[in-house]
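Colleague: I have a new model on my screen and would like to learn to read it. Where do we start?

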Amino acid sequence: MKKIMALIAAILLSWNCLPTNTISASKTSSHVNTQHISRHWKKSKDNIKFPILMYHSIAPTGNSLNVPIEQFREELSYLKRKHFYFLTPEEAYTVLKTNKKPRKNIVWVTLDDGYKNNFDALKNIHKNYKAKATVFDIINSQNASSFLSYYQIKALKESHIAIQNHTFHHLELNKLSNDKQIEEIDRAKNSLDIFLHQNTISMAYPAGRYNQTTPLIARDTGHKLAVTTNEGLASRDNGLLTLNRVRVNKGIGLQEFERIINHG
Ligand SMILES: [Zn+2]
């Protein structure tokens with residue numbers, strides 16, 4: 001029966017064929033069990049600060065946000081060499097909530113929008129660098145040729161890549177009514193929850209834009225964390241629904257990379 005349901009779901013992909021009321025009906029619990037993750041982690045005296053790296057397209061050219069794959073690999077290799085622990089969204093939540101971490105250096109690698117080139121860039125990073133990463137995916141883009149398909153997303157998820165919410169249409173949330181914001185965020189979360197059989201706990205605000213109500217909507221639709229494009233290291237001082245990130249620009253050398261992961 002499950003297989004038949006999955007097949008029907010796959011046929012409805014184009015995700016946007018799925019009616020909103022069907023999506024909302026299957027909302028999963030937003031509880032995150034942090035205990036099993038953090039049992040051996042060490043508590044810090046001061047509030048933990050760590051880099052949430054922000055990438056987009058992994059390609060030699062593109063808009064101003066692209067990073068060539070050679071640079072991306074060099075940076076992952078550096079993080080591995082320096083014994084960084086790569087966080088999942090659930091682990092990032094645990095760090096922020098409990099102020100405990102697994103080792104000295106931690107990092108959360110994130111890529112926004114779900115560009116198709118992310119597939120080659122990410123599929124072997126766990127094997128090659130013991131790395132994990134998170135793609136903040138725009139649900140409505142999955143039918144567009146330059147973005148990850150549903151099947152690529154499924155495959156990435158099986159390779160230690162978390163797939164999280166970047167809304168349904170990538171509209172700037174600060175310009176939308178509350179109802180429209182709820183629809184954009186909730187519909188995307190529920191699509192991910194259903195198709196990937198998960199509880200999506202984090203989101204990235206499109207273009208980093210949000211207003212006063214956006215973090216409350218993110219919380220009320222079941223998200224534990226939300227990331228912005230505000231520059232700096234992340235800590236619980238930011239607020240868990242308005243976390244800073246560290247933008248990685250094209251062409252920076254390892255010296256500059258080291259500076260930004262340590263200081264934001
Ligand atoms: Zn985006």
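Modeller: Start with contacts. Two residues are in contact if their C-beta atoms, placed from the backbone, lie within 7 Å. Keep in mind that this model is predicted.

Colleague: Which residues is Leu87 in contact with, leaving aside its neighbours within four places in sequence?

Modeller: Leu87 is in contact with Ala92, Val95, Ile106, Val107 and Trp108. Leu87 itself lies in the loop between strand S3 (85-86) and helix H5 (89-98).

Colleague: Is Leu87 buried or exposed?

Modeller: Count the neighbours. A residue is buried if 20 or more other C-beta atoms lie within 10 Å of its own. Leu87 has 26, so it is buried. Distance in sequence is another matter. Leu87 and Ala131 are 44 residues apart in sequence, yet their C-alpha atoms are 8.6 Å apart in space.

Colleague: How much of the whole protein is buried?

Modeller: Buried residues make up 43% of the 264 residues. The protein has eleven helices and ten strands. Look at contacts between residues at least 6 apart in sequence: 67% of them join residues at least 24 apart.

Colleague: Now strands. Which way do the side chains of S2 point?

Modeller: Strand S2 covers residues 52-55. Ile52 and Met54 point one way, Leu53 and Tyr55 the other way, and all are buried.

Colleague: Which strands pair with S2?

Modeller: Strand S5 (residues 106-113) pairs with S2 in the parallel sense over four bridges. There, Ile52 stands opposite Trp108. Strand S10 (residues 243-247) also pairs with S2 in the parallel sense, over two bridges. Val246 in S10 is the bridge partner of Leu53.

Colleague: How do I check a helix?

Modeller: Helix H9 (residues 178-196) has 19 residues, which at 1.5 Å a residue should span 27 Å. Its end C-alpha atoms are 27 Å apart, so the two agree. Several residues of H9 are buried, including Ile185, Leu192, Ile194 and Phe195.

Colleague: What should I look for in backbone angles?

Modeller: Most residues other than glycine have a negative phi. Exceptions deserve a look. Asp113 in strand S5 has a positive phi of about 90°. Asp113 is buried, with 21 other C-beta atoms within 10 Å. His170, in the loop between strand S7 (161-165) and H9, has a positive phi near 65°.

Colleague: Why does His170 count as partly exposed?

Modeller: Because His170 has 19 C-beta neighbours inside 10 Å, and buried takes 20 or more. One further case: just after H9, His197 takes a positive phi of about 50°.

Colleague: How far can I trust the coordinates?

Modeller: Check the pLDDT. Its mean over the protein is 89, and 87% of the residues reach 70 or more. Over residues 1-29 the pLDDT is below 50. That stretch has 27 contacts in the model beyond near neighbours in sequence. Where pLDDT is low, the predicted coordinates should not be read in detail.

Definitions and conventions
Residues are numbered from 1 along each chain as its sequence is written. This is a predicted model: local features need pLDDT of at least 70, side-chain atom pairs count only at pLDDT 80 or more; totals for chains, interfaces and linings use all residues. A residue is buried if 20 or more other C-beta atoms lie within 10 Å of its own, exposed if 12 or fewer, and partly exposed in between; C-beta atoms are placed from the backbone. Two strands pair if DSSP finds at least two bridges between them. pLDDT is the predictor's confidence in each residue, from 0 to 100. The expected span of a helix is 1.5 Å times one less than its number of residues.
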